[in-house]
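Let's take a walk through this fold together, from its overall build down to a few individual residues. Have the model open as you read.

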Amino acid sequence: MNVKNSPDAPSVCILGLGLIGGSLLRDLAAAGFNAYGWNRSESTVRAATADGYDVTGNLEDVLVRAREDNALLVLGVPMPALDSLLEAIAEHAPECGLTDVTSVKAPVLERVRAHGLEARFVGGHPMAGTADSGWKATMHGLFDGAVWVVAHDNAPIGSAGQAPSRTNPWTKTWHAVVDMAHAAGAVVVPAHAKNHDRAVARISHLPHIVAETVAIGGDLGGPLALSLAASSFRDATRVAGTEPHLVRAMCENNREGLVEALDEAVELIRQAREDLASGGSVRGLTEDGFAARGRFEARAGRSKGDATNRPIFNVHPGKPRWISQLDAAEQAGAEITII
């Protein structure tokens, strides 16, 4: 249930109330933000309103309200719907800060630039979710402890190489996005759009392709195989339960990075098949995989919710080289805090 906000609470308007956008609305309202939203689906508007949230199905009205509130706009729609939404924003709320929660960053930035909105745009991607979708899947606490990637490709660097000041509109948006992510319980890791896309191709989009493949392989084994399937099969195929159109949007909008990751994965599988077919051993694959998993656990913890060992960098927005601090944090895979 929504809470009463103070008059000077930060305003955030979330456009698209699926799992990510809807869960963000729940968390920001609980944190005292002036949080409201829009969704095209009337059933979602009814469900969110019935749960006590400030939601409408009228896009023009909500954008006019966001302009008057100087709200941060959050794009929470799938990639195919972005252009029409950005067109409406350019018409009704072009001076609002703008971010997104899409799983790819470079294609979104290209579309934002095409609509002339890049001066106040800061890309974002919370690394959180479930296999479920829609308002019914939304929840409080989805982002607790999760990484929220905040991009800085289009930071307005001056001709002499100076970083943008604290009062620059882009900096204000960047600061608002970081504050929003922290309010939702996430930790912030900076990244350039293309570097983000190459990384998530390996740790998010490739796992989706592999999960679909393993699920199909199990199904091809017939009723006996499915009856014998236990935790390893269930864990390996969990994300295959994601709505197909969402998986397609992720993978097809990150083709370059995903093809590179797939080429490496296919070669590893090809070598394992060759070793098994020739009577050899898959020792190398199993040992290398075990070591790789160990390196992941050393940084992120063995189980979700464990304490992490990611480094933490302090960032000073407005200082002469503060964008360079973000670059250094990205290279280290570090969380950032604002000083």
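## Ground rules and overall build

A residue counts as buried here when its relative accessible area is under 20%, and as exposed when that value is over 50%. With that cut-off, both Trp 174 and Trp 322 are buried. Please keep in mind that this is a predicted model.

The chain holds 13 helices and eleven strands. Its radius of gyration is 21 Å, close to the 20 Å that the globule rule gives for 339 residues, so the chain is as compact as a globular protein of that length. Along the principal axes, the C-alpha atoms fill a box of roughly 70 × 50 × 35 Å. Buried residues make up 42% of the 339. The accessible surface comes to about 17,400 Å², and carbon and sulfur atoms account for 54% of that area. Looking at contacts between residues at least 6 apart in sequence, 68% join residues at least 24 apart.

## A tryptophan cluster

How many aromatic pairs does a search of the whole structure find? The search finds four. One of them joins Trp 170 and Trp 322 in a tilted arrangement, 6.2 Å centre to centre with 40° between the planes. Trp 170 lies in helix H6 (residues 169-183) and Trp 322 in helix H13 (residues 322-332), so this pair ties together parts that are 152 residues apart in sequence. Trp 170 is buried, as is Trp 322.

Trp 322 also pairs with Trp 174, this time edge-to-face, at 5.0 Å centre to centre and 65° between the planes. Since Trp 174 belongs to H6 and Trp 322 to H13, this pair ties together parts that are 148 residues apart in sequence. Trp 170, Trp 174 and Trp 322 form one aromatic cluster.

## The nonpolar cores

Trp 174 turns up again in the largest nonpolar core, which has 43 residues; Leu 24, Trp 148 and Trp 174 are those with the most contacts inside it. Among the elements that give two or more residues to this core are strand E1 (11-15), helix H1 (19-30), strand E8 (147-151), H6 and H13. Leaving aside neighbours within four places in sequence, Trp 174 is in contact with residues including Val 122, Val 150, Pro 317, Trp 322, Leu 326 and Ile 338.

A second, separate core has 27 residues, including Trp 38, Leu 59, Ile 89 and Val 108.

## Around helix H6

Thr 173 is found in H6. With 5% relative accessibility, Thr 173 counts as buried. Setting aside neighbours within four places in sequence, its contacts are Leu 72, Gly 97, Leu 98, Arg 120 and Val 122.

Ala 186 sits in the loop between H6 and strand E9 (187-191). Is Ala 186 buried or exposed? At 6% relative accessibility, Ala 186 counts as buried. Beyond its neighbours within four places in sequence, Ala 186 is in contact with Phe 143, Gly 145, Ala 146, Trp 148 and Ala 181. Ala 186 and Ala 240 are 54 residues apart in sequence, and their C-alpha atoms are 25 Å apart in space.

## Val 239 and helix H10

Where is Val 239 placed? Look in the loop between helix H9 (231-236) and helix H10 (244-252). Val 239 counts as buried, at 17% relative accessibility. Not counting residues up to four places away in sequence, Val 239 touches Pro 207, His 208, Ala 211 and Glu 212. From Val 239 to Leu 28 is 27 Å in space, C-alpha to C-alpha, and 211 residues in sequence.

In H10 itself, the buried residues are Val 247, Ala 249, Met 250 and Cys 251. What covers them includes helix H7 (193-220) and helix H11 (255-277).

## Two local details

Asn 70 is worth a look in the loop between helix H3 (59-69) and E4. Although not a glycine, Asn 70 has a positive phi of about 55°. Asn 70 is exposed, with a relative accessible area of 60%.

Finally, turn to Arg 65, which lies over the face of Tyr 36 at 3.6 Å from the ring centre.

Methods
Residues are numbered from 1 along each chain as its sequence is written. This is a predicted model: local features need pLDDT of at least 70, side-chain atom pairs count only at pLDDT 80 or more; totals for chains, interfaces and linings use all residues. Side-chain values use heavy atoms; hydrogens and water are left out. Rings of Phe, Tyr and Trp (its six-membered ring) pair if their centres lie within 6.5 Å; planes under 30 degrees apart count as stacked, over 60 as edge-to-face and the rest as tilted. Helices (H or I, at least four residues) and strands (E, at least two) are DSSP runs, numbered from the N terminus. Buried means under 20% relative accessible area, exposed over 50%, partly exposed in between (1.4 Å probe, protein chains only). A charge sits over a ring if NZ of Lys or CZ of Arg is within 6 Å of the ring centre and within 35 degrees of the ring normal. The radius of gyration is taken over C-alpha atoms; the globule rule is 2.2 Å times the number of residues to the power 0.38. Contact means heavy atoms within 4.5 Å. Accessible areas come from the Shrake-Rupley method with a 1.4 Å probe; for residues, only the protein chains shown count as cover. A nonpolar core is a set of buried Ala, Val, Leu, Ile, Met, Phe, Trp, Tyr and Cys residues joined through side-chain atoms within 4.5 Å.
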